[in-house]
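Reader: Could you walk me through this one while I have it open?

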Amino acid sequence: MLMAMASDLLTVLLTCTIVLFAVYRCRRATKCHLPPGPRPLPILGNVLDFPKKHLGREFRELSRKHGEIVHLDVLGRSVILLGTYEAACEFFEKRSSNNSDRPQSVMMKLTNLDWIFVFKDCTPEWRRHRRAIHNQFLPSMVTGFHHIMFRVTHNLLRDLLKSPRDFSSHIQFSFASSVLRIVYGTDLVQGDRRYYQLAQRLAIIAEDISTPGRHAVEAFQSLQALPSWFPGAAFKKVAAAWKQELISIRDQLYDSARDEMDRHGVKESLITRLIDGGEDEKMIREVTAAVYAAGSDTTVASVHAFFLAMALHPDVQKRAQEELDATIGIDRLPQVSDQESLPYVSALVKEVLRWHVVAPIGVPHRSTEDDEVNGFIIPGGSIVMANIWAMSRDTESYQDPERFHPERFLRNGQLNCDVRDPASYVFGFGRRLCPGRHFAEAKLFITCASILHTFNISPPLDMEGRPTKLDVWMGNDMAVSHLDSFDCRIIVRDTQKEALIRAEWM
Ligand code: HEM
């Protein structure tokens, strides 16, 4: 009897469970669906909707049409586009445990790129590397780099004085010198382009591989089956060559640094601190090269944008120079520690970061498990991208966003905390937030402040000696957005400033 009752109860429970599950599935199916997006074509999905250039601007159009979370089907793979700051925080901050892996691409696999930390999934090894880098670039550590930044910036001013037309390569050299000194303990001598070229090459290849849409094989993975001599399969040869080149560059940078330590004595650097922290050599080789690859072009692209903004906006330049003259005076160069007493220059640097977003869609993340956000299904394995460029053009945060206008960050002459700081999004989000951001901000500040203090920047003159109109395309079709090359006039402000530049280091 008892057994019969128990069996009846079990049948009822089982039936209820099945019915409830069916109702749940049905409600979920009707209530939860993929986020809206352009209608996909059979097989190709939304391949043709994926912009080839101007990613930030084109993606913003999709978000305007379909909403702040957009779904694209790229050959069967879900791509989720986050069009607002709020949506990016929802995915990358609140749901960071599910949205912090990186998409793995065919070219990354073929070039064995997973030793570069930026491209690693959130594995225990990634955590170990991340902790090491994070600890080395905390604000307190960056303060310890200020004297190196000052020295390297002083050298940049001297180079600008000597050959102002080469400003672009001087900026690149200046960034390379500071990072190579901090990471490898190597002092670059002007003219010695050995390390610099190695490091540049590392950054260029890493950037090429991570730029969406750059290699057809990512969209048509069946191309992998072709032999490397077959037309359209040249990517295989390229990948094999890059794989060797990247490893050789990584090892040359590290081995040269160790060699220099043996010959000329140990200078404190990221390498020495990681050795003292008990880290193994393989990890140190990988971390040091990865820091260079991740940080190289970004800060350089921002300094280029600074030159363009100053050439286009003499009024802004004049106001910044007035503040520098009043605060720093005529007998010294600015230091990073002057930042608090230079609110206008600080606002100008924020405006540079906002006006020209160097990583318009950041570095894509990948979701791990299926999730439900705002009633939408986000399939596990989706590529998730935040439109950082769109955040910089959000009219709710910034009035007239195309205008270069540092005053937007000021109230009563001081920085206004109520205006969204571009640093809260241009460096990415959540667990993958850029660990180099404090270093980048300090480097950008001292570079811009020192150049403004000592030079005037203006558009080049035409044959009749009239200023030309600078019309530079601020493209953003790459993982890192570079301005087209442009000329500008860079002239020392007066003889006192020239003497400051020529003076020996203090
Ligand atoms: C203006 C300068 C810079 C900008 C705009 C920038 C921006 C970014 C962005 C958007 C990301 C991706 C974050 C995410 O996935 O959500 C990132 C990652 C990273 N950045 Fe930067 N960055 C800059 C400078 C630097 C510098 C100077 C360094 C090193 C000294 C650096 C090292 C890294 C590293 C190692 C990562 C990978 C983090 C990870 O995958 O966990 N960055 N950066």
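Predicted model: local features only at pLDDT ≥ 70, side-chain atom pairs only at ≥ 80, totals over all residues.

Reader: Which protein donor does the iron atom of the ligand have?

Author: The iron atom has a single donor from the protein, Cys434 through SG, 2.3 Å away; donors here are N, O and S atoms within 2.8 Å of the metal (3.2 Å for Na, K and Ca), and water is not among the atoms, so sites may look incomplete.

Reader: And where is Cys434 found?

Author: Cys434 sits in the loop between β8 (414-415) and α17 (437-454), where helices (H or I, at least four residues) and strands (E, at least two) are DSSP runs numbered from the N terminus.

Reader: OK, α17 then. At what angle do the axes of α7 and α17 cross?

Author: They cross at roughly 40° and come within 10 Å, with axes being lines fitted to C-alpha atoms, for helices over the stretch in contact, and angles running from 0 to 180 degrees between N-to-C directions. That makes α7 oblique to α17, since angles under 35 degrees count as roughly parallel, over 145 as roughly antiparallel, 65 to 115 as roughly perpendicular and the rest as oblique. Residues in the contact (heavy atoms within 4.5 Å) include Phe150 and Leu157 of α7 and Phe439 and Ile446 of α17.

Reader: How does α7 (residues 146-162) cross α8 (residues 167-184)?

Author: Their axes come within 10 Å and cross at roughly 160°, which makes α7 roughly antiparallel to α8. Among the residues that meet are Ile148, Arg151 and Leu156 in α7, and Phe167, His170 and Arg181 in α8.

Reader: Switching to the sheet: in what order do the strands run?

Author: The open sheet has 4 strands in the order β1-β2-β6-β3, with mixed pairing, and two strands pair if DSSP finds at least two bridges between them. The edge strands are β1 (69-74) and β3 (365-366), each pairing on one side only.

Reader: How many bridges join β3 to β6?

Author: There are 2 bridges, and the two strands run antiparallel; Arg366 has Ile383 in β6 as its bridge partner.

Reader: Which strands does α3 lie across?

Author: Helix α3 (residues 85-94) lies across β1, β2, β3 and β6, at about 125° to β2, whereas α2 (residues 55-66) lies across β1, β2 (77-82) and β6, at about 115° to β1.

Key
Residues numbered from 1 in each chain as written. Heavy atoms only, no water.
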